[in-house]
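Hello,

Here is the structure I promised to pass on. Please look it over, then read my notes below.

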Amino acid sequence: SLRAGIVGLPNVGKSTLFNAIVENGKAQAANFPFCTINPNVGVVAIPDLRLHILSKLSKSQQTVPTSIELVDIAGLVKGASKGEGLGNQFLSNIREVDSILQVVRCFEDDDIVHVNGKVDPKSDIDVINLELIFSDLEQIEKRIDKLKKSKTKDAQVKVKEALMDGKPARSVDLADHEKEAIQHLCLLTMKPVIYVANVTESDLADPDSNPHVKEVAKVASDLQSGIVTISAQVEAELSELPLEERLEYLKSLGVTESGLGNLVAYDDFVAAGSLGAAREKGLLRLEGKDYIVQEGDVMLFRFNV
Ligand code: GDP
């Protein structure tokens with residue numbers, strides 16, 4: 001399965017979120033394999049109300065949600081790339097994941113110490129990015145000098161320049177063959193990042209009213225990354241509730257879905273109620289084997305026996 005690593009500075013809500021997701025997985029464990037590999041790694045189904053509704057609509061006998069291996073990567077502090085603290089361990093943990101979820105603290109709470117003294121998402125994001133950039137630079141410099149002039153070297157030089165400029169490798173416009181040429185470097189800043197803006201429960205209904213969230217959204221777009229707003233604490237509370245009470249709780253907060261759910265094209269299908277109705281509304285289409293699957297697509301596979 002896909003591996004995602006949860007990173008972030010201390011006290012931003014990583015463990016709270018990790019545990020909430022894992023608990024949520026356990027609560028829905030009837031139909032899918034769940035396990036905790038060790039305290040920091042869990043294989044969980046992606047909590048997806050959509051799938052639940054779909055399996056009802058199609059009267060499925062068995063429902064197997066997409067699973068994802070989630071790694072709680074603790075221990076990043078300034079200086080990690082220089083091997084301070086658990087730095088090296090931390091970086092090698094990140095090297096092994098396919099994507100990065102960076103939890104960013106957007107909630108104010110005087111009782112919970114912020115490592116840098118105040119809530120400042122931009123600075124938190126910069127701290128982590130810099131460590132990843134330093135690590136990538138080191139990785140590139142180790143190899144680049146050994147290369148004679150070549151396409152691989154060209155790609156490496158482009159990426160190195162971006163890194164020196166404080167930009168992640170994924171922001172560099174590379175042709176496919178160039179991407180392939182640097183794949184072996186396993187650059188950390190090449191991995192897709194989603195910023196998880198952790199807000200207080202009262203902000204859930206209107207996240208944009210929180211200036212910290214706006215700041216994260218801006219940085220995310222500058223860094224070619226996504227943003228999801230959640231309240232780790234609410235997710236933790238949700239995970240303790242029976243499924244049928246969760247919606248009620250969310251409604252009381254003025255929202256209709258858990259931050260972990262994320263509805264896109266799929267809405268059309270649920271609204272249409274059935275495949276037949278979806279066809280009538282013209283929402284159904286045929287795609288060939290080259291089709292790139294989009295988030296939220298509902299698919300029917302046809303094959304000849
Ligand atoms: P980590 O160090 O990033 O793993 O952070 P934790 O998940 O251990 O959270 C640190 C502290 O912040 C704990 O006391 C949590 O209960 C608290 N916390 C986490 N999320 C929230 C939130 O959304 N709001 C508030 N007020 N506190 C939170």
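Predicted model: local features only at pLDDT ≥ 70, side-chain atom pairs only at ≥ 80, totals over all residues.

Residues are numbered from 1 along each chain as its sequence is written.

Ligand shell

The ligand is surrounded by 16 residues. The closest are Gly13, Lys14, Ser15, Thr16 and Asp109. Helix H1 (14-27) and helix H8 (232-240) are the elements that give two or more residues. H1 gives the most, with 3 residues. Helices are DSSP runs (H or I, at least four residues), numbered from the N terminus. By type, the shell holds 5 nonpolar, 9 polar and 2 charged residues. Ala, Val, Leu, Ile, Met, Phe, Trp, Tyr, Cys and Pro count as nonpolar; Asp, Glu, Lys and Arg as charged; the others, Gly among them, as polar.

Core

The largest nonpolar core has 46 residues. Such a core is a set of buried Ala, Val, Leu, Ile, Met, Phe, Trp, Tyr and Cys residues joined through C-beta atoms within 7 Å. Buried means 20 or more other C-beta atoms within 10 Å of the residue's own; exposed means 12 or fewer; partly exposed is in between; C-beta atoms are placed from the backbone. Ile6, Leu17, Ile94, Val104, Val196 and Ala197 touch the most other members. Leaving aside neighbours within four places in sequence, Ile94 is in contact (C-beta atoms, placed from the backbone, within 7 Å) with Gly5, Val7, Ile73, Ile100 and Leu188.

Helix H5

Ala155, Gln156, Val159 and Leu163 are buried. They sit on the same side of H5 because they cover an arc of only 100° around the axis, taken from the directions from the helix axis to the C-beta atoms. Glu161 and Met164 are exposed on the other side. Cover for the buried residues includes helix H4 (121-144) and helix H6 (176-182).

Arg170 lies in the loop between H5 and H6. Why is Arg170 partly exposed? Because 18 other C-beta atoms lie within 10 Å. Not counting residues up to four places away in sequence, Arg170 touches Thr189, Met190 and Gln224.

Best wishes

Conventions:
Contact = placed C-beta atoms within 7 Å. Near = placed C-beta within 6 Å.
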